[in-house]
Amino acid sequence: MVVPPDAATRRELAVRAALAHRPLTDERPLVALLDLDGVQRTAAALHAAFAEVTAPGQRVLHTFAVKAGTLVPLLRLLDGLGIGCEVASPGELALARAAGVTADRVVLDSPAKTRAELREALALGIALNVDSRQELDRVDALRAEAPAHGPLGLRINPQLGGGAIDAMSTATATSKFGVALTDEGAREWVLRAYLDRPWLTRLHCHVGSQGVPLDRMAAGVRAIHELAEEINAAAGRRQVDSLDIGGGLPVNFASDEVSPTFAEYARLLREAVPGLFDGRYGLVTEFGRSLLAKSGLILARVEYTKSAGGRPVALTHAGAQVAVRTAFAPESWPLRVAAYDATGTPRSGPPVRQDVAGPCCFAGDLTARDRPLPRLVPGDVVALLDTGAYYFSTPLAYNALPRPAVLGFSVSEEGAVAFTTLRHAQSLAELVAEHGGGL
Ligand SMILES: *Cc1c(COP(=O)(O)O)cnc(C)c1O
């Protein structure tokens with residue numbers, strides 16, 4: 001029996017094939033790769049994890065947080081794998097629509113929705129999570145003007161505290177997101193808001209992303225489930241009929257191990273909030289990073305190497321423009337770096353502590369500091385691993401560096417690699433046009 005190659009084997013085959021198929025050149029010194037088999041397996045793992053814990057017939061809509069991977073062909077692929085879109089801006093909605101994702105499979109969350117955005121979502125029948133009291137006033141007014149479709153709910157901040165990364169913690173006491181549930185009078189206000197508006201049928205929470213402990217995420221879900229039960233008891237009917245439990249499953253950036261898994265999280269939810277899976281509520285999820293991170297990598301050519309203050313430094317073409325968080329908050333966002341020669345053969349040799357730097361003109365533009373790696377030489381290739389979410393799809397325009405191509409790849413059981421383009425490399429002409437050329 002032929003055993004399908006595992007994720008690390010697929011990656012090694014893809015690196016070699018990518019460098020043979022499209023060598024890194026002066027014009028194109030970096031490229032991003034996405035393992036489409038990996039994405040498919042991850043999507044299947046998400047479906048299976050919830051299928052295991054939900055009641056027969058319980059409705060579950062899985063959506064992908066588009067900000068984690070803003071590429072139209074990718075959204076189309078995920079939609080085909082049964083995963084819709086969570087959008088948080090007119091641009092993200094436009095990408096979801098361009099991918100052909102239908103309104104009933106799109107959820108709109110944003111703390112700053114304009115009237116025009118709200119009007120469009122209500123008209124299209126996109127599910128909408130209202131973020132604040134003022135936004136609810138706007139929705140009231142818009143509903144009075146024109147018929148509205150699609151489930152409407154409130155985003156709740158259960159104010160449970162943060163995680164390891166402040167910038168990723170959305171359920172602190174003072175977070176900018178949602179209605180702060182434990183503030184004085186807030187719970188009573190939410191209850192009244194629902195009883196006065198029979199069309200509010202959903203509750204939403206997203207407790208945070210990378211760095212938030214799983215039990216805190218589960219506590220957030222428990223908080224909206226309890227609130228839904230309270231609203232329904234007061235209403236004397238099942239007014240709230242769906243719960244949107246957000247995303248936020250953390251990703252292991254330290255090795256190839258997938259940890260935690262969707263199955264572990266689903267089981268933890270079943271333990272912490274058994275009522276979630278008794279079939280009375282439809283469920284929505286909004287995972288981003290955990291659906292893609294481990295399937296992506298960025299390949300960049302080493303242009304020069306030098307030594308500074310006794311430390312070897314490799315100057316590569318991947319820096320802050322494709323790894324914003326790693327460059328600006330390196331303690332929170334460490335990345336694994338793999339070293340290859342120009343043909344994609346893993347570099348061997350004794351580890352030497354070195355910095356791996358990008359091309360941007362500021363000193364913090366490093367993707368690894370003092371990292372033991374085989375000594376890099378010009379012409380080598382470094383791979384930034386686990387960068388499938390929030391890296392190449394979220395570029396920074398610093399130094400007018402063009403966006404690299406993103407190639408999807410798929411590996412047959414025999415090990416043959418096939419590529420599909422998910423995004424073209426930005427040309428210099430496109431870059432000039434984007435920056436006011438021609439005006
Ligand atoms: C960013 C975000 C997500 C996805 O978070 P991940 O950590 O990428 O899973 C889901 N829901 C909302 C509202 C978000 O802002």
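Which residue does the UniProt annotation "active site" cover? According to that unreviewed entry, the answer is Cys361. UniProt positions follow the numbering used here, feature names are shortened, and annotations may be inferred rather than shown by experiment.

Before you click on, keep in mind that this is a predicted model: local features need pLDDT of at least 70, side-chain atom pairs count only at pLDDT 80 or more, and totals for chains, interfaces and linings use all residues. Residues are numbered from 1 along each chain as its sequence is written, and side-chain values use heavy atoms, with hydrogens and water left out.

**Stop 1: select Cys361.** You'll land in the loop between strand E14 (351-357) and strand E15 (366-374); strands (E, at least two residues) and helices (H or I, at least four) are DSSP runs numbered from the N terminus. Cys361 counts as exposed because its relative accessibility is 62% (exposed is over 50%, buried under 20%, partly exposed in between, with a 1.4 Å probe and protein chains only).

**Stop 2: select the ligand.** Around the ligand sit 14 residues, and the closest are Lys67, Ser209, Glu286, Arg289 and Tyr390 (a residue counts if one of its heavy atoms lies within 4 Å). Zoom in on Ser209, where a polar side-chain atom is 2.7 Å from an oxygen atom of the ligand. At Glu286, a polar side-chain atom lies 2.7 Å from a nitrogen atom of the ligand. Arg289 uses a backbone N or O atom instead, 2.8 Å from a ligand oxygen. On its own the ligand exposes 390 Å², and the protein buries 93% of that (areas by the Shrake-Rupley method with a 1.4 Å probe).

**Stop 3: select residues 51-292.** UniProt, again in an unreviewed entry, lists this stretch as "domain: Orn/DAP/Arg decarboxylase 2 N-terminal". Over these residues the chain is 38% helix and 17% strand, with the end C-alpha atoms 20 Å apart.

**Stop 4: select Thr387.** This one is in the loop between strand E16 (381-385) and strand E17 (406-411). Is Thr387 buried or exposed? Thr387 counts as buried, because its relative accessibility is 0%. Look for Ile298 too: the side chain of Thr387 reaches its backbone nitrogen at 3.4 Å. Other residues that Thr387 touches include Ala293, Leu335 and Phe392.

Key. Polar contact = N/O pair within 3.5 Å; in protein donor to acceptor, adjacent residues only side chain to side chain. Contact = heavy atoms within 4.5 Å. Lists of a residue's contacts leave out its neighbours within four places in sequence.
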